[in-house]
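The sequence and the model are shown first.

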Amino acid sequence: MTEIWGTTQVVGVIGHPVRHSFSPPMQNAALAALGLDWVYVPFDSAPADLPTALAGLRAAGVVGLNATIPHKQALLPLVTVATAEAQLTGTVNTVHFDGDQIVGDSTDGPGFVTGLAAAGITVEGRRVVLLGAGGSARAVGVALVKAGAERVLIANRTVPRAAELAALLNGLAPGVANASDLHRLDPELAGAELIVNTTAVGMHPDSHAQPVSLPALRSHCAVVDIIYNPARTRLLQEAALQGVKTLNGVPMLVHQGALSLQRWTGCAPPVALMQQVLERELAKRAAG
Ligand code: NAP
């Protein structure tokens, strides 16, 4: 247990609920490894209390926050400076109380592509099928286009949301994105070089479910699921049976957290340790 003194700097995660979050053990291990007199704590704040909570945490000298469900969109109008990433995605997952400013950033998309790169999965020139059009799909979609994806087909249960995200991506790179529903996707999936699931389908406790079933894939296709609990979703299990490369949501969670830590502390984050701690905690949770 970290010793807390009057000098200890505080960062944390704000959400509702927040008790499920894996960020506290991951970030506290990183802060300790860096030898910093800092602590990372969870803050549960109901949506109606978010403006008061933000002002109170700032007044109490908290250095910064991660944000999780359901606050990522609601935080955007509450920050005084939004980074280009936050403005583009319409979400804030990292707050930094920096002098007079409340800076809002989104590290989910950069964390996602950094995680892919660390696993040897390239994006440039690839034909992508992006499943889902929610908050994380916005961050992932923007990151995919910035990383040079050749085309992105967004398939979502609610098609107008997919169309809205496609319009956002086409604003970045005209003609790059199209929208579809989750049905009749087989030809698109069979031709894809990268398939990314950002829907919540397959997440614990509904781990028997999968957003789509996979046809025969191209041998160089990679399948990524940003879900990290369970560690291997049904979608990833099905893809692995075909021998294609797969990746779960752990690297994204690690790298988005590492980028936040770097913003608050100015230190290079111990990424390997963060991943190790996260995987250990996930395994403990899975074992009940
Ligand atoms: P969100 O904004 O609520 O979006 C949920 C998405 O899932 C929407 O596209 C929604 O489709 C779809 N969906 C939900 N239930 C469905 C169903 N029964 N059938 C088909 N589609 C369904 O959530 P989010 O914040 O983007 O999070 C989505 C997932 O990403 C979660 O599993 C979360 O744990 C994971 N995540 C991982 C990381 C990481 O660092 N690895 C970071 C953020 C999120 P509609 O638009 O039709 O409702």
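## Ligand site

The ligand is surrounded by 22 residues, the closest being Gly135, Ser136, Asn156, Thr158 and Arg161; a residue counts as near if one of its heavy atoms lies within 4 Å of the molecule. The model is predicted: local features need pLDDT of at least 70, side-chain atom pairs count only at pLDDT 80 or more, and totals for chains, interfaces and linings use all residues. Residues are numbered from 1 along each chain as its sequence is written, and side-chain values use heavy atoms, with hydrogens and water left out.

By class, the shell comprises 10 nonpolar, nine polar and three charged residues; Ala, Val, Leu, Ile, Met, Phe, Trp, Tyr, Cys and Pro count as nonpolar, Asp, Glu, Lys and Arg as charged, and the others, Gly among them, as polar. Domain 1 (9-106 + 251-286) and domain 2 (109-248) both contribute to this shell, so the ligand lies between them; the bounds come from an automatic or database domain assignment.

| Protein atom | Ligand atom | Distance |
|---|---|---|
| Gly134, polar backbone atom | oxygen | 3.5 Å |
| Asn156, polar side-chain atom | oxygen | 2.7 Å |
| Gly249, backbone N or O atom | nitrogen | 3.0 Å |

Taken alone, the ligand exposes 920 Å², of which the protein buries 77%; areas follow the Shrake-Rupley method with a 1.4 Å probe.

## Backbone features

The peptide bond between Ile69 and Pro70 is cis, with omega about 5°. A cis bond also links Asn229 to Pro230, with omega near 10°. Arg184, although not a glycine, has a positive phi of about 50°.

Notes. Polar contact = N/O pair within 3.5 Å; in protein donor to acceptor, adjacent residues only side chain to side chain.
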